[in-house]
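Thanks for coming, everyone. Please have a look at the chain on the screen, and then I will talk through two of its contacts.

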Number of protein chains: 2
Amino acid sequence: MSGIKAKIEEANQKTLDILFKGQPVLVDIRPALDVVPGMTENMVLHSAPPIEWERMCGPHRHGIAGAVVWEGLADTKDDAVTMIERGEIMIEPCHHHDTVGAGAGITSATTPMLVVENKTFGNRAYSCLSEGGGLQLIKWGSYDEKIAENLHWQAKVLRPVLQAAVLSAGGVDIKSIISKAVQMGDECHNRSIAASAIFFREIAPHLLHADANRDTVLSCTESLAVSEHFFLHAIMAAAKAMLDPAKKISYSTVVTAMARNGVEFGIQVGGLDDMWFTAPANDVDGLFFRSEWGPEDAAPDLGDSCITETVGLGGFIQAAAPTVQQYVQGSMQQAIANTNEMREICVGTNQDVQIPAMDFAGAPIGIDIRKVAQTRIAPLIDTAITHKEHGLIGAGQVRAPLECFDKALKAYSSRYAAA
Amino acid sequence: MSGIKAKIEEANQKTLDILFKGQPVLVDIRPALDVVPGMTENMVLHSAPPIEWERMCGPHRHGIAGAVVWEGLADTKDDAVTMIERGEIMIEPCHHHDTVGAGAGITSATTPMLVVENKTFGNRAYSCLSEGGGLQLIKWGSYDEKIAENLHWQAKVLRPVLQAAVLSAGGVDIKSIISKAVQMGDECHNRSIAASAIFFREIAPHLLHADANRDTVLSCTESLAVSEHFFLHAIMAAAKAMLDPAKKISYSTVVTAMARNGVEFGIQVGGLDDMWFTAPANDVDGLFFRSEWGPEDAAPDLGDSCITETVGLGGFIQAAAPTVQQYVQGSMQQAIANTNEMREICVGTNQDVQIPAMDFAGAPIGIDIRKVAQTRIAPLIDTAITHKEHGLIGAGQVRAPLECFDKALKAYSSRYAAA
């Protein structure tokens, strides 16, 4: 038994080392078809874990059907559903294509993607561009003419200009932006306004280097200047790019992915290949943005965005972002208690992410399935609340279901006890 | 006695009302000669309180002589000193010209000025543009060819482009930027990176509206994108624009200005006209940016920048900016204690400036000379450390000398006891 403990310790230290050494850099902006591994013209990706069409939540069904129309594969959402039911559209989780998708995670061939490379290990991860503000976005499963028009503008106008800017900048170091943003009140999940502002400072001059006329540069500058969540998607892709090299490390008990599809919550574990361990997704506790909305309108927990918690951001560092407490009527004291609680289920401390209000203590990082199972402390996730049909209706926090971790630990015991 | 107490209470409430109702807006960027009241071609302004040339600190003497050369009034700094000693150059405090100057506060006819209007009361206040980063700036009393070149670029290139952008934006609301920046780790004196980033987001698209070629717009965009303290000067002018209408209110015991000239610290009080009450300036306690520098190299407390503390920012809200504690080896607990201490000498609480780490408690605002004199708690000021000759050498914090407040209270008692 002490033999396996030493192996686990070694594997988890190796995992931490991989996370700490990761250097995620935004290197390009390309259409999904050009860069996302395995992407095809008739494929739509959604937030993980995998789930059959029939069991999908509203935002997935509406969003995927919308994407089929947007790609010109069908004339109407009804036609799209018919095609989907006939098996003419391939529907797969983002995570299975080195991609993470916020909310419903709707990603199709033409979607402009942030290309993030982990310079240390050479792997890449992807996430779509933020669509900007508003409650009705394809990210939340919504689709109409206005949404389509914005997506077309992003694909046709913004993508090439932003690509030119990113190339002109020689890439954008995401890790340093995260470090700075956490000094500025972002926990980098429900709040990424500082990260978005720092990114904007870095990229705005380079927009002027794009081969585009002044009005086009102006429209792109205006769009990025007001996009308060723009950089969240880059942080998500960075988190995945940092975590992917920590997959398939024998004996590792560290969680390498957490994701929700609005029905189930799933996790992956370093020592357990690409297996998903799932349990019913919890309801999100939080603030509804209009008085007409309440818990009965909400879909359960949805989206790949909790990849941020998987690298020790978001709910794991609530103490860095007191403003986010306002969604849950919390307090600074509660936020600090929550951050300290997350330390109990993590294997390490990340000095690249220092929490100002805790005298610059490093963030907890690396969720250990053993610690979760033993302490019964579930990972705390800051997240949006999606309407059960489609649309953003609130924001708050949610716990990962303990059952995922129990299942993973059982599978782990089977595999490594036999070894 | 109860009669005078009621009058003081009424006057101080009126003062608070004026501070809360103030709406400082950046409305223009103009050369000092065009806008600063009383400015002439042979005048150089410096940080207050007033002081004779012979008694001035190094940064003032070097900076003023440099400005005389920069304006083309003399060929060398030695010639400039000769002119100054002959009385051919008028030397006056910024504060006497509705202006505030950071550090040495060097402001001359050609200096590009931020024009801030208090929309509620119609008054205006001014501050020069931040020169950007670096330890050797005319702001710190330094002057050489490189500094001159940058000042010329600011005056000739940046000023008209930034002016066009500010006009295109219809002005920039400084109060809302302060509110947001305090949610992002700025105390708005030693740290204004968030405020500068928010300002940059607001102004960057408008730079493209300027009647200037793409390379010029690019150079201005690049300059503003990296200027981490850019918005401090706007905040200073906003603070003065908010405080000036609170001057000359009979019976007010609220401080309307604090300023340091590297020799003396001075305050003005609402009920005591434009009189300065001075005492020797204290030494700044803090971090020196190079190991070769120590307290013996430093000038005493210098600059008009503590106008920020006079409106309850900077050292009064250290709890909003834990990063600033790093200059003084402080802690979050100490920062909170300092903020609570400042409440003891203030007449009000400013809900426009909420401190995240204190569960969004409002900032203390409105220093009451009676409370300072009674509690012996001196206002706490975050500030830079200037070399005794010239140049920036560190940052930290300093207390206002109690003697100023004692003198002011004595003058107050004489005036109002006689009334």
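How do the axes of helix 5 and helix 8 of chain A cross? Before I answer, please note that this is a predicted model, where local features need pLDDT of at least 70, side-chain atom pairs count only at pLDDT 80 or more, and totals for chains, interfaces and linings use all residues. Residues are numbered from 1 along each chain as its sequence is written, while chains are lettered from A and ligands numbered from 1 in the order in which they are written.

The axes of helix 5 (residues 145-168) and helix 8 (residues 214-225) of chain A come within 10 Å and cross at roughly 90 degrees. Helices here are DSSP runs of H or I with at least four residues, numbered from the N terminus, and axes are lines fitted to C-alpha atoms over the stretch in contact, with angles from 0 to 180 degrees between N-to-C directions. Helix 5 and helix 8 of chain A are therefore roughly perpendicular to each other, a term for angles of 65 to 115 degrees.

On the helix 5 side, Val157(A), Leu158(A), Val161(A) and Leu162(A) meet residues of helix 8 of chain A, including Cys220(A) and Ser223(A); contact requires C-beta atoms, placed from the backbone, within 7 Å.

Turning to domains, an automatic or database assignment gives chain A domain 1 (23-238) and domain 2 (247-418).

Note on methods:
Helices (H or I, at least four residues) and strands (E, at least two) are DSSP runs, numbered from the N terminus. Angles under 35 degrees count as roughly parallel, over 145 as roughly antiparallel, 65 to 115 as roughly perpendicular and the rest as oblique. Two residues are in contact if their C-beta atoms, placed from the backbone, lie within 7 Å.
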